[in-house]
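Open the model in your viewer and show it as a cartoon. The stops below each say what to select and what is found there.

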Amino acid sequence: MRAESSRHILTGASTRGSGASVMIGSWPQLEGPLVRLRPPVPGDEPALIEMATDALVRRYIGGPADLATATAKATRKTTAPDPGEFVIIDCASGEVAGSGSLARKRGPWEISYMLRRSFWGRGLATQTVLLIRDGFFTHTTEDLLIATTQRANEGSRRVLQRAGGVFAGAFDQYGMPQERYEFHRSAGT
Ligand SMILES: CC(C)(COP(=O)(O)OP(=O)(O)OC[C@H]1O[C@@H](n2cnc3c(N)ncnc32)[C@H](O)[C@@H]1OP(=O)(O)O)[C@@H](O)C(=O)NCCC(=O)NCCS
């Protein structure tokens, strides 16, 4: 994610109620039985670097970075995180299990996520999407949240479908078929 895009999270989404913030770091209750979400802080770098350099983790999201690039990005993320950036803490171990962001990448607010390989298959990503979805509709007045994924990324598609994302169309990006999923504010949210 580029810094310019996510900075808009501070100003681009209307807030609910006076004094409410759209900085996800200030949203309370971003915690479920499996994961807790918080902004990146110094000390998180090894997990961020591991993911950025792991060819399997990066398979559908641009490929692995070299160590120097990954280290520079991790340092930026932990020392000057964009408001929509977060890390995923595995409640069972307290370890950084993954990371993600909430940003306007292509217009609407969009959630992205990734997990370290050793944390796949336990429901952590699904719960992360549910927590961000609920926090987003609770703490902003926005009506639409989206996620996009390569069609070939079956695990990610299952995460979005399990979290209640509605398939909203296909498109091509970087020569690869992608799918868009949408989350809408439900009545009373
Ligand atoms: C995409 C990605 C986050 C999905 O990870 P994941 O571990 O499959 O997703 P979850 O953490 O939600 O776990 C769900 C899986 O755990 C299983 N599971 C076990 N316990 C569970 C629980 N308590 N609750 C929910 N699911 C559980 C589910 O059955 C599911 O497996 P299935 O998809 O084979 O049915 C992961 O593959 C990843 O990080 N990939 C690389 C980065 C990436 O592609 N990100 C997405 C970009 S669009």
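Which residues does His 184 touch, not counting residues up to four places away in sequence? Select His 184, and then Asp 143 and Leu 144, which are the residues in question. His 184 lies in strand S7. With 15 C-beta neighbours inside 10 Å, His 184 counts as partly exposed. Along the chain, His 184 and Gly 165 are 19 residues apart, while their C-alpha atoms are separated by 8.6 Å.

**The whole chain**

Zoom out. This is a predicted model. Colour the protein chain by pLDDT: the mean is 88, and 87% of the residues reach 70 or more. Residues 1-21 have a pLDDT below 50, and in the model this stretch has 42 contacts beyond near neighbours in sequence.

Now colour by secondary structure. The protein chain has five helices and seven strands, and along the sequence they follow the pattern α-β-α-α-β-β-β-α-β-α-β-β. Of its 189 residues, 36% count as buried. Among contacts with a separation of 6 or more, 62% are between residues 24 or more positions apart.

Draw a distance between the C-alpha atoms of Phe 183 and Gly 164: the two residues are 19 residues apart along the chain, and the separation is 7.1 Å.

Next select Tyr 174, in the loop between strand S6 (166-173) and S7. Tyr 174 is not a glycine, yet its phi is positive, about 55 degrees. Tyr 174 is exposed, with 7 other C-beta atoms within 10 Å.

**Helix H5**

Select residues 154-162, which form helix H5; Ser 156, Val 159 and Leu 160 are buried there. Look down the axis of H5: the buried residues fall within an arc of 95 degrees, so they line one face of the helix. An α-helix has 3.6 residues a turn, so residues three or four places apart point the same way. The face of H5 turned away from the buried side carries the exposed residues Glu 154 and Gly 155.

Then step to Gly 164, which follows H5 and has a positive phi, near 95 degrees.

**Around the ligand**

Which residues come nearest? Of the 19 residues around the ligand, these are Met 114, Gly 123, Ala 125, Thr 126 and Thr 149. Strand S4 (109-115), H4 and H5 are the elements that give two or more residues to this shell. H5 gives the largest share, four residues. Colour the shell by residue type: ten are nonpolar, seven polar and two charged.

**Helix H2**

Select residues 45-53, helix H2, and pick out its buried residues: Ala 47, Leu 48, Met 51 and Ala 52. These residues cover an arc of only 130 degrees around the axis, which puts them on the same side of H2. Helix H3 (67-79), strand S3 (96-104) and S4 are included in what covers them.

**The largest nonpolar core**

Which members of the largest nonpolar core touch the most other members? Of its 40 residues, they are Ile 88, Ala 97, Leu 124 and Val 129. H4 supplies the largest share of this core, six residues.

Centre the view on Ala 97. Leaving aside neighbours within four places in sequence, Ala 97 is in contact with Val 35, Ile 88, Ile 89, Asp 90, Leu 115, Arg 116, Phe 119 and Leu 124.

**A last stop: Ala 92**

Finish in the loop between strand S2 (85-90) and S3, where Ala 92 lies. Ala 92 is partly exposed, with 13 other C-beta atoms within 10 Å. Draw a line from Ala 92 to Pro 33: the two are 59 residues apart in sequence and 8.8 Å apart in space, C-alpha to C-alpha.

Terms used:
Residues numbered from 1 in each chain as written. Predicted model: local features only at pLDDT ≥ 70, side-chain atom pairs only at ≥ 80, totals over all residues. Buried ≥ 20, exposed ≤ 12 C-beta atoms within 10 Å, placed from the backbone. Arc of directions from axis to C-beta. Near = placed C-beta within 6 Å. Nonpolar A, V, L, I, M, F, W, Y, C, P; charged D, E, K, R; others polar. Contact = placed C-beta atoms within 7 Å. pLDDT = per-residue confidence, 0-100. Core = buried A, V, L, I, M, F, W, Y, C linked by C-beta atoms within 7 Å.
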